[in-house]
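Q: Hi! Could you walk me through this structure in plain words?
A: Happy to, let's have a look together.

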Amino acid sequence: MTETLMATGSKSEQAYAAVKARIVDGTYSPGYRLVLAAIAKDLGVSVVPVREAIRRLEAEGLVTFERNVGATVSGIDPTEYLYTMQTLSIVEGAATALSAPLIDSVAIARARAVNEDMRECLQHFDPVRFTHLNQDFHSILFEHCPNPHILDLVHRGWNRLASLRSSTFRFVPGRAHESVDEHEALLRLIEAGAGAEEIEQSARRHRAATLDAYLAQSNAGSLNAR
């Protein structure tokens, strides 16, 4: 990946893309100390473009700078995650319901194939790949939404999740098995021509269940830390 990045764009842009990718995929986990010299050596550039990249990432909220500590990868803000997931459950549920009458057998087959890939991913669980597949699955279901304003809100929600680096399945891997089964149930509702309200509620419950699993795990961790 590094060689490909270094082949195009400015060195600052290259460093930014490389570091951000490692934060998003979890290579640089929350709290990880970003040592500029080490990163520069790894990427084959000077410290200057790396410093510029870190400043950009700090402005985006992905990196935190502390005196006497330096730059570290920011943690996931649980409140921001809560609000994002709550909002996404509402707008994605509406988008899926509005899309349902326009989803043909070809789209259903595509979604089911992605869900089967997710099921296979469970055998040797990779939370990052599972999360990407999960987004692919849901995109197929809401991409036909005829309301561009709702669709824009859905995309904003997914982008916000990406900026939070929130692969919930990294924290609650058991939720992944339930998610795959719920996907199949949602597909069957759409195939059967269920009403918009039923489809919307099913999609919202599915999203809310992932949030609930994360919150339960977070609360349990807080209690254990006392």
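Predicted model: local features only at pLDDT ≥ 70, side-chain atom pairs only at ≥ 80, totals over all residues.

**Chatting through the fold**

Q: How many helices and strands does the chain have?
A: The chain has eleven helices and two strands. Both kinds are DSSP runs numbered from the N terminus, with at least four residues (H or I) for a helix and at least two (E) for a strand.

Q: How do H6 and H7 pack?
A: H6 (residues 105-121) and H7 (residues 127-142) pack at an angle of about 165°, with axes 9 Å apart. That makes the two helices roughly antiparallel. Angles under 35 degrees count as roughly parallel, over 145 as roughly antiparallel, 65 to 115 as roughly perpendicular and the rest as oblique. The axes are lines fitted to C-alpha atoms over the stretch in contact, and angles run from 0 to 180 degrees between N-to-C directions.

Q: Which residues of H6 and H7 make the contact?
A: Among them are Ala107, Val114 and Met118 of H6, and Phe130, Leu133 and Phe137 of H7. Contact here means heavy atoms within 4.5 Å. The contact residues divide into ten nonpolar, two polar and four charged. In that scheme Ala, Val, Leu, Ile, Met, Phe, Trp, Tyr, Cys and Pro are nonpolar, Asp, Glu, Lys and Arg are charged, and the others, Gly among them, are polar.

Q: What about H5 and H7, how do their axes cross?
A: Those axes come within 7 Å and cross at roughly 55°, so H5 and H7 are oblique to each other. Glu92, Ala95, Thr96 and Ser99 of H5 meet His138, Leu141 and Phe142 of H7.

Q: New topic: how many residues are in the largest nonpolar core?
A: It has 25 residues, and Phe130, Phe137, Leu141, Ile190 and Ile199 have the most contacts inside it. A nonpolar core is a set of buried Ala, Val, Leu, Ile, Met, Phe, Trp, Tyr and Cys residues joined through side-chain atoms within 4.5 Å. H6, H7, H10 (174-191) and H11 (196-224) each supply at least two of its residues.

Q: And what lies apart from that core?
A: Another core, of 19 residues, including Tyr16 and Leu43.

Q: Is Ser74 buried or exposed?
A: Ser74 is buried, with a relative accessible area of 7%. Buried means under 20%, exposed over 50%, and partly exposed in between (1.4 Å probe, protein chains only). Ser74 lies in the loop between strand E2 (70-73) and helix H5 (78-99).

Q: Then is Phe65 buried or exposed?
A: Phe65 is exposed, at 55% relative accessible area, and its place is in strand E1 (residues 63-66).

Q: Which residues is Phe65 in contact with, leaving aside neighbours within four places in sequence?
A: Phe65 touches Glu58, Gly70 and Ala71.

Q: Last one: what share of the chain is buried?
A: Buried residues make up 42% of the 226 residues.

Terms used. Residues numbered from 1 in each chain as written. Heavy atoms only, no water.
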